Amino acid sequence: ANEAYLQKVGLQANAIMGKTLADVFGKPFFENVIQPRLDRCLAGAAVCYSEWFDYPAQGRRYMQITLSPCRNRTSEVVGAMVVARDLTELQTAQTELKRLAAAIEQAAETVVVTDADGDIQYVNPAFEQETGYRREEAIGKNPSILKSGKHDDAFYRAMWNTLISGGTWQGHLVNKRKDGRLYTEKAKISPVRDASGAICNYVAVKHDITKELELEQHFREAQKMQAVGTLAAGIAHDFNNVLGLIVGNAEMLQLRGAAAGPAAESVKQILSASMRAKNTVKQILMLSRRGRLERIPLSLSL
């Protein structure tokens, strides 16, 4: 056993000589994992496998094991040489990479990775669903295939100036799908640096907010209508008060005998116009939902 192995098991050379692998790793693990492969090696076959091992001194480690049969001069197998390579960090990194890749592949947001020149190197399935471009159609192309013409050159120049200088750009983009339909994205684009600090990639994470903007616009229109209704209701109430004064005075003129004089027709027209105006006020109040609904019988016969 070399020094690296002794460090993993936490024993001195004179303490480990003569012990079995079952003594080091425990009988159940030895019988279930190690022995079947060791038997194949002692039968003359080279065996290579990877497995998690619980080492007494260094804990759980992911090891790549190679078992090679040792032969004497007559080619008889007399033992096995075990070479173990510690791949724990590599395995952990690969597991994290797979987890990250799965998350990006299944993300609802569009993810686009370009090289330093801006040419697309990767897009996730959400990009395909959102833009209509298949992955193989987008790879190697520039994101300008999505340009809608709604932004001028100064807009894109400012974006690239931010990115080239190492900053993160975020904002709204109006882009065009493959079928020509326009949509609005909320985008965040960040540079990726290599070990030397140079920018090697750009990563864009984008989300389609077209429906959200439409709902926001509808909400603003509803707020405007509500404001108009509130204003109309206030005006209608004030106008109703003025009409009440006009109708009251016209009725007083009738009671005082003005209806029999030369002004009788004018008083009658004032009352008639006032009643029409009051009906108009009722309709305005109903439109603003400030009035009370009144039901009246209506004859459908001609």
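**View 1. Asn-201 lies in strand 8, which covers residues 199-208.** Strands (E, at least two residues) and helices (H or I, at least four) are DSSP runs numbered from the N terminus. The model is predicted: local features need pLDDT of at least 70 and side-chain atom pairs count only at pLDDT 80 or more, while totals for chains, interfaces and linings use all residues. Residues are numbered from 1 along each chain as its sequence is written, and side-chain values use heavy atoms, with hydrogens and water left out.

View 2. Asn-201 counts as buried because its relative accessibility is 16%; buried means under 20% relative accessible area, exposed over 50% and partly exposed in between (1.4 Å probe, protein chains only). Beyond its neighbours within four places in sequence, Asn-201 is in contact (heavy atoms within 4.5 Å) with Val-113, Thr-114, Asp-115, Ala-116, Gln-121, Ser-190, Pro-191 and Val-192.

**View 3. The side chains of Asn-201 and Gln-121 form a polar contact of 2.7 Å.** A polar contact is a pair of N or O atoms within 3.5 Å; within protein, one must be able to donate a hydrogen and the other to accept it, and residues adjacent in sequence count only if both atoms are side-chain atoms.

**View 4. The protein as setting for the close-ups.** The protein contains 10 helices and 8 strands. Its C-alpha trace spans about 145 × 50 × 45 Å along the principal axes. Of its 302 residues, 25% count as buried. Among contacts between residues at least 6 apart in sequence, 39% join residues at least 24 apart.
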